[in-house]
Amino acid sequence: GHRIDTIPIANGVIKAGGACDIIKYKHDQHEEFTALVEQYNALIVRINPGQLSQNTSPGTQQRFDELMQAQMRKGKLVWSS
């Protein structure tokens, strides 16, 4: 599910004139998620640090973190909230 404040944050981005899509990360579909985030100029991450280390395949948190770092190296904004 979504964190309780995800929808209001997305609505705030839209109200401020931005576009916003809510995308769920599925640890077993990492490559598909990677291709999807390449389309965006910025990302708001709603996953608690370390959350992907629980009940997922080994290395999931590291793969996700590396993906976010790669996006920042490309000049994209990545906000953890």
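Colleague: In which helix does Gly-12 lie?
Modeller: This is a predicted model, in which local features need pLDDT of at least 70, side-chain atom pairs count only at pLDDT 80 or more, and totals for chains, interfaces and linings use all residues. Residues are numbered from 1 along each chain as its sequence is written, and side-chain values use heavy atoms, with hydrogens and water left out. Helices are DSSP runs of H or I with at least four residues, strands are runs of E with at least two, and both are numbered from the N terminus. The run of residues 6-15 holds Gly-12, and that helix is α1.

Colleague: Does Gly-12 count as buried, partly exposed or exposed?
Modeller: Buried means under 20% relative accessible area, exposed over 50%, and partly exposed in between (1.4 Å probe, protein chains only). Gly-12 has 36% relative accessibility, so Gly-12 counts as partly exposed.

Colleague: What pattern of helices and strands does the protein follow along the sequence?
Modeller: The protein has three helices and two strands. Read along the sequence, their pattern is α-α-β-α-β.

Colleague: Which residues are buried in helix α2, and why do they line one face?
Modeller: In α2 (residues 30-37), the buried residues are His-30, Phe-33, Thr-34 and Val-37. Seen down the axis of α2, they fall within an arc of 105 degrees, so they line one face of the helix. The arc is that of the directions from the helix axis to the C-beta atoms.

Colleague: Which exposed residues does the face of α2 turned away from its buried side carry?
Modeller: The cover over the buried residues of α2 includes β1 (42-45) and α3 (60-73). On the face turned away from that buried side, the exposed residues are Glu-31 and Glu-32.

Colleague: Which residue has a positive phi although it is not a glycine?
Modeller: Most residues other than glycine have a negative phi. The residue with a phi of about 60 degrees lies in the loop between β1 and α3. At 81% relative accessibility it counts as exposed, and it is Asn-55.

Colleague: What radius of gyration does the protein have?
Modeller: The radius is taken over C-alpha atoms, and the globule rule is 2.2 Å times the number of residues to the power 0.38. With 81 residues, a compact globule would have a radius near 12 Å. The protein agrees with this, at 13 Å.

Note on methods. Contact means heavy atoms within 4.5 Å.
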